[in-house]
Amino acid sequence: MSSTEWPGTHTSTPRSATSPAPPGSRVGERESLRMVSLPGLTLAVRGLREDAPEGGDAGGSGTEPGARPRALYVHGLGGSSLNWSTLMLQLATDVEGEALDLPGFGDSPPPDNGDYSVTGHARAVIRYLDSSGHGPVHLLGNSLGGAVVTRVAAVRPDLVRTLTLVSPALPEIPPQRTAWPTAMLAVPGIAGLFGRLTRDWPAERRAGGVLGLCYGDPGRVSPEDLAAAAEEYERRLGLPYFWDAMVRSTRGIVNAYTLGGQHALWRQAERVLAPTLLIYGGRDQLVAFRVARRASAAFRDSRLLVLPEAGHVAMMEYPEIVADAFRGLIDETARSVRRFDGRGAVPAQAPATPKGD
C-alpha cells in the first residue's frame with residue numbers, strides 16, 4: 001500500500017484473536033498486555049486490569065467494564081504503549097483506556113507488508129478499532145501517533161469521539177534545528193552509522209539521550225524510571241527489526257510532510273469533525289511550539305493547552321495537567337451533546353462550524 005492511499009474503508013474487518021504477551025514484556029503491576037492478531041498484522045495492546053486495587057494511586061476503576069467510555073492511546077516514533085502508562089492510571093476512573101504498540105514498536109512485530117508509512121500505521125489503528133467494535137473512542141496520539149490519529153479522524157469520523165494531540169508530528173517545513181538529527185534517520189546509511197558509533201555506550205547513556213531529547217526537564221526523570229527505560233531500550237535494540245522500524249517510520253513521516261492534495265496532513269486536519277484538544281510544550285525539541293497556532297486554526301473544533309516547561313511528551317512529564325485538560329474536553333463534549341438532545345438535532349458526532357469558511 002502506498003503512502004497516498006486512504007487508511008481505511010467501511011468494509012468489514014475480521015474479528016481479532018488474542019494471545020498472551022511474549023516473555024520479557026514489561027507489564028506494570030496494575031496493567032495487562034495482550035497480543036491481538038489480525039490477518040497480516042499483530043498488535044500488542046496494553047490496558048489496566050479491572051481487578052486492580054481501588055482508590056488513590058491504585059488506579060482501580062471502581063466501575064464495571066463497559067460503564068466508562070473507551071479511549072485509545074497511540075505513541076510516537078521510537079516510543080511504545082509504555083509512554084501512556086501514567087496517564088492511563090490518571091484517567092482510570094474516567095475512561096476504559098487501552099494503548100497499542102504500533103507495528104514494529106514496543107511488543108508488536110513488524111507488519112507482514114512492511115508498510116511503516118503514516119497511512120500504514122493509521123490503517124493498523126483502524127483495523128484494530130473495527131475488529132474490536134470499540135468505536136467511537138476518545139483517541140489520543142503523541143508525535144508520530146498524533147499524525148496517525150489525525151488521519152484516522154479525518155477518514156473515519158465514525159470511530160472518533162474526541163481527539164487529543166500531544167505535540168503531533170504535523171508538517172513543519174523546515175523543521176526546527178533540534179529536530180534535524182532525528183529526521184536524518186531517514187537518510188540511507190545514517191542509522192547504521194549511528195549504531196556503530198554508539199554500540200559501546202552503556203544502556204543508561206542511550207536511554208538518557210532519548211529522554212533528554214524528549215523531556216523539557218530531564219531532571220524530572222527518577223533514577224528508577226531511567227533504569228527501566230534503559231532496560232526497555234536495550235531489549236528493543238536487540239530485536240532484529242528495531243532499526244528497520246525506526247528508519248522506515250521516519251521516512252514515512254518525511255513522506256507525509258511532502259504529500260499534497262487531499263492526502264496532505266494539514267488538509268486532513270481541516271476535515272476532522274471531532275472536538276480536538278491540542279497540547280504543546282514550550283521546550284519541545286522535536287515539534288516547534290510555533291506550529292501550535294497553525295494547528296489551532298486548522299482543526300475545526302479545537303482548544304489549545306500550552307505547557308511552557310514541557311518537552312515532547314507532556315503526558316509523561318505533566319500527567320496530572322494533561323489528565324485534567326482531557327477531562328475538560330470530554331465534559332465539554334458531553335454537555336454539548338446534552339444541550340441538543342431532545343431537539344432531534346444531534347448525530348453521533350456533531351460537526352462544528354469550520355474556521356475560516
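Phe242 has a relative accessibility of 8% and counts as buried (under 20% relative accessible area is buried, over 50% exposed, and partly exposed lies in between, with a 1.4 Å probe and protein chains only). Its neighbour in a ring pair, Trp243, is partly exposed at 22%. This is a predicted model, where local features need pLDDT of at least 70, side-chain atom pairs count only at pLDDT 80 or more, and totals for chains, interfaces and linings use all residues. Residues are numbered from 1 along each chain as its sequence is written, and side-chain values use heavy atoms, leaving out hydrogens and water.

**Aromatic pairs**
- Rings of Phe, Tyr and Trp (its six-membered ring) pair if their centres lie within 6.5 Å; planes under 30 degrees apart count as stacked, over 60 as edge-to-face and the rest as tilted.
- The count by this rule is three aromatic pairs.
- Tyr73 and Trp84 form a tilted pair, because their ring centres are 5.2 Å apart and their planes meet at 40°.
- Tyr73 belongs to strand S4 (residues 70-74) and Trp84 to the loop between S4 and helix H1 (85-90), so this pair ties together parts 11 residues apart in sequence; helices (H or I, at least four residues) and strands (E, at least two) are DSSP runs, numbered from the N terminus.
- Tyr73 is buried at 1% relative accessibility, and Trp84 is buried at 0%.
- Phe242 and Trp243 are edge-to-face, because their planes stand at 80°, with ring centres 5.1 Å apart.
- Tyr233, Phe242 and Trp243 are linked into a cluster by ring pairs.

**A charge over a ring**
- Arg220 places its charged end over the ring of Tyr318, 4.3 Å from the ring centre (the rule asks for NZ of Lys or CZ of Arg within 6 Å of the ring centre and within 35 degrees of the ring normal).
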